[in-house]
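Okay everyone, thanks for coming. Let me put the structure up, and then I'll walk you through a few parts of it.

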Amino acid sequence: MRKRCFVAALCLVLLFSSCSAIEPKQHSVFAMDTYMSITAYESKDEACELFEQLLLEYNKLWDLDSSDSELSKFNQYRHPVYLSPMTSSLLVQSLDLCEKTGGALDITLLPVTELWGFRTDAPAIPDSGKIQQALLCCGYERIHLTEKGISMDPNTKIDLGAVAKGFAADQIAEQLKQIGCNSAVISLGGNVRTIGTKPDGSPWNVAIQNPLDESTPFATYRQSGDVSIVTSGSYQRNFIENGVLYSHIIDPVSGFPVQNELASVTVFCESGLVADAYSTALFVMGEEKAIEFYKKEKNFDFLLIRKDGTAIATSAIKDRLAISDPNQIITYID
Ligand code: AMP
Ligand code: MG
């Protein structure tokens, strides 16, 4: 499973940067249960060091595999005293995104995600009675923002897997700029964040994985400046039983892995947190609702790749996308 994540992360950030005169420094770290990498063109040594230090710090805050992490303690004791300002800020912003997406994003699914075991080496279909029982403890409205801080209903537990990497990417980008690194790209397991521009002024080229064929990218996305490119897909963590693919993205209504026409959703916008939240939520919504949501919000772009290999994207990114297969069927919407 980890090897797959590593390959996916590498594929996603295939940067065709060899034309740049300044050689970047690259560094990889294993944190948040996936491989993370940085390619820095400025303040290179400090940037790589800071990248690792911040990721290890965030891992300590949100690692659900450690009973000592801040999130594990909050899940156990449900008292605001366990929350740092950073985690509180992530929770408050995430709750807002849960509401905006009509609950397609729901950060309280831990009782259900634990049953499926996608973070273990042996995920399996749980007993449906147990799923129903676990669902009774889920629902983002069971988290309360009060004057005393954040609290939760009994048995509610938070899983930040859908948002933490995007939030972390925003924090890292900010801190890198503060130490003078204004030219870098980071890849946090499916979450790519570009920072500033390349030293030679050429745009970043970020490869978007083809969910149906790991060997070639579906497209490359070209843009200068700060942008987050986040992909959620059923190819990332899954298992197959009786010919059915079960992936790690859960429908909060049924408690089962999402089954719809989509193979992956990539969201493009400046905020890593929003891109991470929306890529998961749009995957849950399915194509029709995802398009409706886009038409209402309009503050992001997307590329949806269907299981049949066809795709649909927002027209604003048409000129930035270089599709690998010239025969690819792709529709653009406004
Ligand atoms: P992502 O890879 O960003 O799409 O997030 C998927 C991860 O978030 C899963 O591994 C779960 O830990 C968690 N998750 C699964 N389904 C949902 C959902 N509907 N809302 C919020 N988090 C979810
Ligand atoms: Mg996400």
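So, one term before we start: I'll call a residue buried under 20% relative accessible area, exposed over 50%, and partly exposed in between, using a 1.4 Å probe and protein chains only. What you see is a predicted model, so local features need pLDDT of at least 70 and side-chain atom pairs count only at pLDDT 80 or more, while totals for chains, interfaces and linings use all residues. Residues are numbered from 1 along each chain as its sequence is written, chains are lettered from A and ligands numbered from 1 in the order in which they are written, and side-chain values use heavy atoms, with hydrogens and water left out.

Let's go to the metal. Which protein atoms are the donors of the magnesium ion, ligand 2? They are A162 (O), D276 (O), D276 (OD) and T280 (OG1), at 2.1 to 2.4 Å from the ion. Donors here are N, O and S atoms within 2.8 Å of the metal (3.2 Å for Na, K and Ca), and with water not among the atoms, sites may look incomplete. Along the chain, the spacing reads A-x113-D-x3-T.

Now look at helix α8, residues 272-285: it holds both D276 and T280, four residues apart, about one turn of the helix. Helices, by the way, are DSSP runs of H or I with at least four residues, numbered from the N terminus. T280 counts as buried, because its relative accessibility is 12%, and D276 is buried too, at 4%.

Next, ligand 1. There are 16 residues around it, and the closest are D106, D159, S232, I250 and T280; near means a heavy atom within 4 Å. Helix α8 turns up again here, giving the most to this shell, with three residues.

What about polar contacts, meaning pairs of N or O atoms within 3.5 Å? A nitrogen atom of ligand 1 sits 2.9 Å from a polar backbone atom of D106, and a backbone N or O atom of I250 is 2.8 Å from a nitrogen atom of the ligand. D276 comes back as well: an N or O atom in its side chain is 3.0 Å from an oxygen atom of ligand 1. On its own, ligand 1 has 500 Å² of accessible area, and the protein covers 93% of that; those areas come from the Shrake-Rupley method with a 1.4 Å probe.

Key: Helix = DSSP H or I, 4+ residues; strand = E, 2+ residues; numbered from the N terminus. Polar contact = N/O pair within 3.5 Å; in protein donor to acceptor, adjacent residues only side chain to side chain.
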